[in-house]
Amino acid sequence: QVQLVESGGGLVQAGGSLRLSCAASGGTFSSYNMGWFRQAPGKEREFVAAISWRAGNTYYADSVKGRFTISRDNAKNTVYLQMNSLKPEDTAVYYCASDSSMFGGSWRFLTAANFGSWGQGTQVTVSS
């Protein structure tokens, strides 16, 4: 099973940018779809973005479409989330996750239950 460690969170002003990284170990990273989810205080965890194991397909929540970009570097076992034009409502703990199935179809993206390994999360705070 893949172990995941996120980094890159922090405090930023509205309109600013951050780049989150998620380093994977202990598995065949290139075989798994990868996703980013977030959880704000008092709210349920929600899907943010996902990328297929071949990096050919990406999918975004409507709330971040056009502002966030997910990418992966299979040679470095790392997935990234570039976040631009940040808003206060983007404030949350961001989690990286890997699909529980190898070579999974893109249809698996939206359901958190399809992701079997999770990182510890990294805090993103956007001030107004």
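How many residues lie between β7 and β8 in the hairpin that they form? There are 4 residues between the two strands, and Asn 77, in the turn, has a positive phi of about 55°.

## Basis of the model

This is a predicted model, in which local features need pLDDT of at least 70 and side-chain atom pairs count only at pLDDT 80 or more, while totals for chains, interfaces and linings use all residues. Residues are numbered from 1 along each chain as its sequence is written, and side-chain values use heavy atoms, with hydrogens and water left out.

## The sheet

An open sheet is formed by 4 strands in the order β1-β3-β8-β7, with antiparallel pairing; strands are DSSP runs (E, at least two residues) numbered from the N terminus, and two of them pair if DSSP finds at least two bridges between them. Because β1 (3–7) and β7 (68–73) stand at the edges with a single partner strand each, one side of each is left without a neighbour in the sheet.

## The β7–β8 pairing

Strand β7 is joined to β8 (residues 78–83) by 6 bridges, and the two run antiparallel. Ile 70 has Leu 81 as its bridge partner in β8, and Phe 68 stands opposite Met 83. The covered face of β7 carries Phe 68, Ile 70 and Arg 72, whereas Thr 69, Ser 71 and Asp 73 make up the uncovered one.

## Thr 78

Thr 78, which belongs to strand β8, counts as buried at 10% relative accessibility, where buried means under 20% relative accessible area with a 1.4 Å probe and protein chains only. Its side chain reaches the backbone oxygen of Lys 76 at 2.8 Å.

Methods: Buried means under 20% relative accessible area, exposed over 50%, partly exposed in between (1.4 Å probe, protein chains only). A polar contact is a pair of N or O atoms within 3.5 Å; within protein, one must be able to donate a hydrogen and the other to accept it, and residues adjacent in sequence count only if both atoms are side-chain atoms.
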